[in-house]
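Please look through the structure shown below, and then read the briefing that follows, which is grouped by topic.

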Amino acid sequence: MATASKAVADSRANLPFVYRQYSAEQLKQVLYKMYLIRRFEEGAEESYMRGLIHGTMHLSIGQEASAMGICMPLAEDDQITSTHRGHGHCIAKGAEVKRMFAEFFGKTTGYCKGRGGSMHIADVAKGNLGANGIVGGGIPIAVGAALSSKMMKTGKVVVSFFGDGANNEGAFHEALNMAAVWKLPVIFVCENNGYGMSTSTARSTAVKNIADRAAAYSMPGVIVNGNIFSEVAEASHKAVERARAGEGPTLIESKTYRHRGHSKSDRNRYRTKEEIEDWMSNRDPITLFESELREFGFIDDKGIEAIREAVAKEIADGIEFAKASPSPDVSETGNYVYTEQA
Amino acid sequence: MDAMVRELSYAQAIQEAMAIAMDMDERVFLMGEDIGVYGGAFQVTGDLVDRYGADRVLDTPISELGGAGVAVGAAVTGMRPIFEFQFSDFATLAMEQIVNQAAKMRFMLGGEVSVPVVMRFPAGSGTGAAAQHSQSLEAWLGHVPGLKVIQPATPYDAKGMLLAAVADPDPVMIFEHKLLYKAKGPVPEGYYTVPIGKADIRREGRDLTIVATSIMVQKALDAAAALEAEGIDVEVVDLRTIRPMDKQTVIDSVKKTSRLMCVYEAVKTLGIGAEVSAMIAESEAFDYLDAPIVRLGGAETPIPYNPELEKATVPQVPGIIVAARDLVKGVR
Amino acid sequence: MPTEVILPKVDMDMATGQISRWFATEGQQVKKGDVLFEIETDKAAMEIDAPASGILRDVTGKEGVDIAVGAPVAWIYADGEVYGDKAPISPLVGEMSARPTEGDAVPPTSQREASPSALPGISPARGEIDPSSAGRRATPLARRLAREAGLILSAISGTGPHGRVVKADIDAAVAGGAKAEPAAKAPAEVPTSTASAPAVKAMSDDQVLKLFEAGSYELVPHDNMRKTIACRLVEAKSTIPHFYLTLDCELDALLALRSQLNVAAPMKKTDKGDAPVYKLSVNDMVIKAMAMALKAVPDANASWTESAMVKHRHADVGVAVSIPGGLITPIIRKADEKTLSTISNEMKDLASRARSRKLKPEEYQGGTTAVSNLGMFSIKDFAAVINPPHATILAVGAGEERAVVKNGEIKIATVMSVTLSTDHRAVDGALGAELLVAFKNLIENPMGMLV
């Protein structure tokens with residue numbers, strides 16, 4: 001991405017990182033995408049409640065700044081592995097919401113042709129190697145992708161998103177160790193939303209901060225406020241630079257909060273309405289970013305309204321596209337189990 | 001084949017195959033625990049690290065789950081990893097990555113990726129390594145759509161099937177019996193492949209089909225030689241691949257001999273023998289059966305340490321002879 | 001536009017749900033986030049919040065009623081929004097919920113109820129396999145070869161383990177010139193038959209029908225009883241070497257005793273007034289005589305099996321009972337030990353339940369011999385088909401006055417001809433004769449049946 005010109009940069013010298021680093025257009029685009037993630041998930045939730053979507057889903061509403069901030073410095077051919085709470089990562093990495101809706105609706109036009117659904121949403125062409133139904137399942141795979149990058153000298157950086165729950169999986173520790181030993185271009189991003197399903201990190205994790213785990217694997221451990229876009233993007237920038245320079249992996253702990261339950265069957269018994277209300281009212285990442293943009297003069301109310309309207313249209317069109325798309329034929333159930341031999 | 005044929009051990013044949021694969025394709029690399037200067041737990045990689053360097057003969061930490069995941073990730077992103085487990089028993093540590101990730105990734109992503117990873121598993125009993133280092137777990141993985149599972153029984157097949165596995169776009173799991181590593185056999189020089197999914201008739205016969213896997217192929221052949229003196233003519237089918245299984249070769253053989261016995265080292269119950277038997281019972285060969293189907297498999301116990309007990313746990317040549325004789329003579 | 005309140009999907013496999021409790025009522029002011037109602041699933045209760053602030057209207061979702069996922073249950077009108085008398089139309093219709101079979105491996109009902117032959121792997125030809133071989137041990141290969149050679153499997157002795165017929169046995173049968181005949185085309189549904197022999201059928205259905213002018217007949221499909229009778233009789237006649245012995249028995253003494261006994265029968269109270277506790281028939285006495293004869297000649301009380309002679313300890317007498325559409329043979333067990341009155345009453349009960357087809361299998365399966373009586377039709381003499389596993393059957397003709405010669409004089413006597421069919425494998429000629437003579441002695445000296 002082009003960065004802001006020198007003159008502009010000087011005028012923003014005292015502003016937070018992203019306002020120095022990116023153009024107004026780029027930042028408006030970020031706001032657009034944060035809204036797109038939010039409205040996509042609300043649309044998916046609505047469709048789910050109406051019985052249009054099968055199975056379950058895990059919403060990342062409240063974590064949009066984390067997904068956008070981490071993906072901000074990534075190039076299109078950089079890669080990510082994602083999680084069951086991966087809709088935001090997918091959009092942040094460049095996926096189209098209409099094909100995501102189509103996937104959720106189980107249609108052939110979906111990213112996985114209706115075979116994966118919400119939990120396996122992917123966009124390989126944009127470098128998203130897939131969400132994962134197994135907690136921690138994507139972390140070693142990201143290390144493998146980074147090993148490919150190093151061996152094939154492609155210069156690609158790989159980001160592995162995972163939640164706080166995954167930091168207690170063996171795969172996390174094995175993968176971080178190997179990445180550090182081999183100095184691989186990989187960034188481990190723990191989106192700590194406070195709860196692994198219902199169990200809080202305080203009850204599940206021996207260290208206070210998951211970033212503290214980085215010390216065990218001789219890599220930088222960075223804590224950011226995951227609800228402040230600029231903070232997340234700045235940490236990601238540094239980690240990407242370090243990875244591209246061949247200095248090895250970084251562990252970023254992005255502290256955030258999911259407004260919704262773990263999945264659609266969550267009854268929110270483990271947290272209070274007051275706690276949820278506080279995060280929604282006082283620490284909403286979109287509200288925070290929007291007010292900064294306004295305060296620093298990057299956008300006005302009219303601009304914001306235009307973004308909201310454009311997002312609403314893209315979402316409505318996406319749902320229409322998904323509804324109108326064909327379902328796969330039952331006779332094709334066996335496809336994609338193995339590579340079709342020519 | 002014009003290439004010169006030499007006698008090589010099974011382990012040498014595998015090593016040669018890996019070297020050829022690395023020579024032919026720079027995306028191919030080896031990873032595993034102590035496969036570098038140590039040469040691998042069974043000296044299969046040997047001195048390959050000297051020829052290809054530590055980057056392409058990559059020692060991993062003792063991290064089976066993570067290592068398998070790294071291999072999967074590398075395969076998805078363009079490399080051709082060959083991942084060696086020290087013992088097939090350690091597949092249990094990596095089941096998540098093998099079963100949930102490697103096997104399903106292509107399917108879950110609607111065909112957008114393929115996972116050309118090869119995993120090698122030294123398997124089987126007979127080395128006194130006891131219960132946690134002697135198992136035959138191939139049927140576990142054979143149960144998973146998305147994986148291919150092979151069990152070469154000869155040095156020739158070990159080389160040809162490994163090269164076929166490397167060329168295959170999907171995850172291939174190779175179970176190598178540890179007692180076979182020193183077995184010698186003719187192996188041509190240079191590149192050749194033995195197809196995955198194709199069984200081989202090792203010995204033709206009229207009276208009985210023995211479907212065997214891995215080390216049991218040689219045992220079945222030894223039994224067949226002994227039975228020949230009694231006028232019993234045994235056909236030995238080496239299954240070679242357990243997923244996808246070559247049903248037609250087995251069906252045709254049973255239609256010819258009208259009798260079927262399955263011999264395999266893994267625990268008898270719920271294993272390859274059950275699968276082959278059921279497959280025959282469901283097939284056109286059913287109407288050709290002139291005797292009940294017999295399975296000879298491992299005992300329903302972990303593998304014991306004591307050498308006599310260990311031998312008694314898995315099928316041996318005398319047992320195969322008796323079972324085959326009883327079957328053909330109509331005692332069963 | 002007011003905000004729609006729907007019944008949301010709150011569980012993975014939920015197509016409908018029930019509202020267990022409303023926390024707000026029609027016309028009530030609600031705030032976004034207030035708990036509106038509670039949904040009960042089989043796992044838990046879930047509180048549903050108001051999606052908007054305003055006044056709750058058109059509460060159509062009743063408590064305790066199944067409601068489709070996505071269906072509107074109420075509407076919330078924002079402050080100032082005009083409330084009409086008609087509920088708005090829901091903007092979306094639940095697509096996946098409306099298709100409950102989505103992702104379901106079970107095929108739709110119409111497919112499930114398809115005929116068995118439509119199921120994969122079951123070829124219609126399977127139903128045509130010789131049914132009488134069902135209980136025969138034979139390898140699949142032997143079965144197929146027998147079928148192809150037109151051999152009757154049960155007529156071939158098996159040399160395999162447990163008497164199993166193997167390929168070599170079929171080969172030997174073919175080499176030995178066993179008569180190859182087309183196996184009977186048996187009905188698709190043969191009831192549990194432990195029988196062995198099938199038989200031959202010279203003509204196909206088509207060949208038979210071709211001999212009659214079209215329209216000159218009506219086709220009545222066989223019911224199971226007809227199929228069983230056909231199968232069992234063909235089997236009996238084609239596998240059992242029958243031979244026949246006929247004898248005349250004088251009945252006068254028996255008839256006199258029967259009258260005496262019936263007159264002497266005590267009375268009991270019934271719904272229809274007083275009735276005798278028994279009323280003996282000639283046939284009851286034939287049953288008793290046959291049973292006692294078998295006890296007297298125990299070698300004849302036998303069943304044939306390939307490996308051994310089954311010598312029975314009791315005389316269980318089957319009695320052929322004609323019923324609409326066929327016949328059935330209920331068994332009087334241990335008839336030798338039972339009194340005439342017991343046999344008589346038991347027989348009445350069995351015959352009545354046989355006619356209403358209410359016999360249990362154990363009441364008509366087995367037995368060591370049988371009696372078939374056509375005397376009531378004035379049949380003089382006939383030969384009956386043995387009903388395996390029996391080795392004998394007694395065919396009883398009418399008792400009639402005949403001129404008999406006694407001590408050089410012609411006299412009138414009531415005479416009944418009986419014919420014993422025997423399975424020659426189990427009962428030789430002399431043995432059969434011995435049995436029949438024992439029977440005759442009991443009939444002509446009936447006091448013997450009372451002691």
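B:P244 is found in the loop between β12 (241-243) and α9 (247-257) of chain B, where helices (H or I, at least four residues) and strands (E, at least two) are DSSP runs numbered from the N terminus. This is a predicted model, in which local features need pLDDT of at least 70 and side-chain atom pairs count only at pLDDT 80 or more, while totals for chains, interfaces and linings use all residues. Residues are numbered from 1 along each chain as its sequence is written, and chains are lettered from A and ligands numbered from 1 in the order in which they are written.

**Backbone features**

- Most residues other than glycine have a negative phi, and most peptide bonds are trans.
- The peptide bond from B:R243 to B:P244 is cis, with omega near -5°.
- The peptide bond from C:P388 to C:P389 is also cis, with omega near 15°, and C:P389 lies in the loop between β18 (369-373) and β19 (392-406) of chain C.
- B:Q43, although not a glycine, has a positive phi of about 60°, and it lies in the loop between β2 (28-32) and α2 (48-56) of chain B.
- C:N407 is not a glycine either, yet its phi is positive at about 50°; C:N407 is exposed, with 5 other C-beta atoms within 10 Å (a residue is buried if 20 or more other C-beta atoms, placed from the backbone, lie within 10 Å of its own, exposed if 12 or fewer, and partly exposed in between).

**Contacts between chains**

- Eleven residues of chain B are in contact with ten residues of chain C, where contact requires that the C-beta atoms of two residues, placed from the backbone, lie within 7 Å.
- On the side of chain B that touches chain C, the residues divide into five nonpolar, two polar and four charged (Ala, Val, Leu, Ile, Met, Phe, Trp, Tyr, Cys and Pro count as nonpolar, Asp, Glu, Lys and Arg as charged, and the others, Gly among them, as polar).
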